[in-house]
Amino acid sequence: MKVVGINTSPREVSNCKIALEKALEAAEAGGAEIQLIDSNKLNISACQGDNYCKAHEGKCAIDDDMTQIYQAIEEADGIIFSIPVYFFDINAQMKLIIDRLYSYFQSSYMEKFASKKVSFILSQGTPDPEAFKAGLEIQFNAFKFLGFQTVDLVVLTDNNVPGVINEKEDQLAQAAEVGKNIL
């Protein structure tokens, strides 16, 4: 089994990445081969809405670093995204990825995704875990729409200070559970 973690936070000392590393450690302890991708270090363009992908069986016309994420998703059995919530929603780096996954819509890839699991670990500064949940669930459901098995949507709160999650054993334990559940 292969589990890919995709960190979308641009911060160097990212609470998201720390949580994702905990999840991947748990998945690895459960026997998974793991891979971590930092999407902010990649050059990913916005979807151009040209529908090239519809005429080319899910292949996007844009040749950029998103190809690394496509390949990782296609090879993985489980995918865990770590995502900061900056202004009422997922960050721009994650939205770029979701929009570029449109290439998979109405393609044969969707049949292949039925055996793949997806989870979200979200970190936000706001202490209320329900504050943005409705919008976050919409983004999570994009993966269900593409045929993935959606597993966990975990919102870790009160994490505005980079690295503060290291002091929160309960949140690190929640992240580890995500890693176990993706198996």
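This is a predicted model: local features need pLDDT of at least 70, side-chain atom pairs count only at pLDDT 80 or more; totals for chains, interfaces and linings use all residues.
## Charges

Residues are numbered from 1 along each chain as its sequence is written, and side-chain values use heavy atoms, with hydrogens and water left out.

## Overall build

The chain has 7 helices and 5 strands, taken as DSSP runs (H or I of at least four residues for helices, E of at least two for strands) and numbered from the N terminus. Following the sequence, they come in the order β-α-β-α-α-β-α-α-β-α-β-α. The radius of gyration is 16 Å, close to the 16 Å that the globule rule gives for 183 residues, so the chain is as compact as a globular protein of that length. That radius is taken over C-alpha atoms, and the rule is 2.2 Å times the number of residues to the power 0.38. Along the principal axes, the C-alpha atoms fill a box of roughly 50 × 35 × 30 Å.

## Surface and contacts

Of the 183 residues, 50% count as buried, meaning under 20% relative accessible area; exposed is over 50%, and partly exposed falls in between (1.4 Å probe, protein chains only). The chain exposes about 8500 Å², with carbon and sulfur atoms supplying 49% of it; the areas come from the Shrake-Rupley method with a 1.4 Å probe, and for residues only the protein chains shown count as cover.

Now for contacts, which means heavy atoms within 4.5 Å. Among those between residues at least 6 apart in sequence, 77% join residues at least 24 apart.

## Salt bridges within helices

Side chains of opposite charge can pair when their charged atoms come close. The structure holds 7 salt bridges, each a side-chain nitrogen of Lys or Arg within 4 Å of a carboxyl oxygen of Asp or Glu.

K22 pairs with E25, their closest N and O atoms being 3.8 Å apart. The two are 3 residues apart in helix 1 (residues 15-29), which puts about one helical turn between them. K22 is partly exposed at 32% relative accessibility, and E25 is partly exposed too, at 45%. Over in helix 4, D99 and K95 lie 4 residues apart, about one turn, and their side chains meet at 2.8 Å, N to O. D99 is partly exposed at 33%, as is K95 at 33%.

## A buried pair and a network

R100 bridges to D64, with the closest N and O atoms 2.8 Å apart. This one ties together distant parts of the chain: R100 belongs to helix 4 (residues 92-100), D64 to the loop between helix 2 (52-55) and helix 3 (66-75), 36 residues apart. R100 is buried at 1% relative accessibility, and D64 is buried at 9%. Elsewhere, K17, D38 and K41 are linked in a salt-bridge network.

## Around S123

Which residues does S123 contact, leaving aside its neighbours within four places in sequence? They are N15, C16, I83, P84, V85, L156 and N159. S123 itself sits in strand 4 (residues 117-124) and is buried, with a relative accessible area of 4%.
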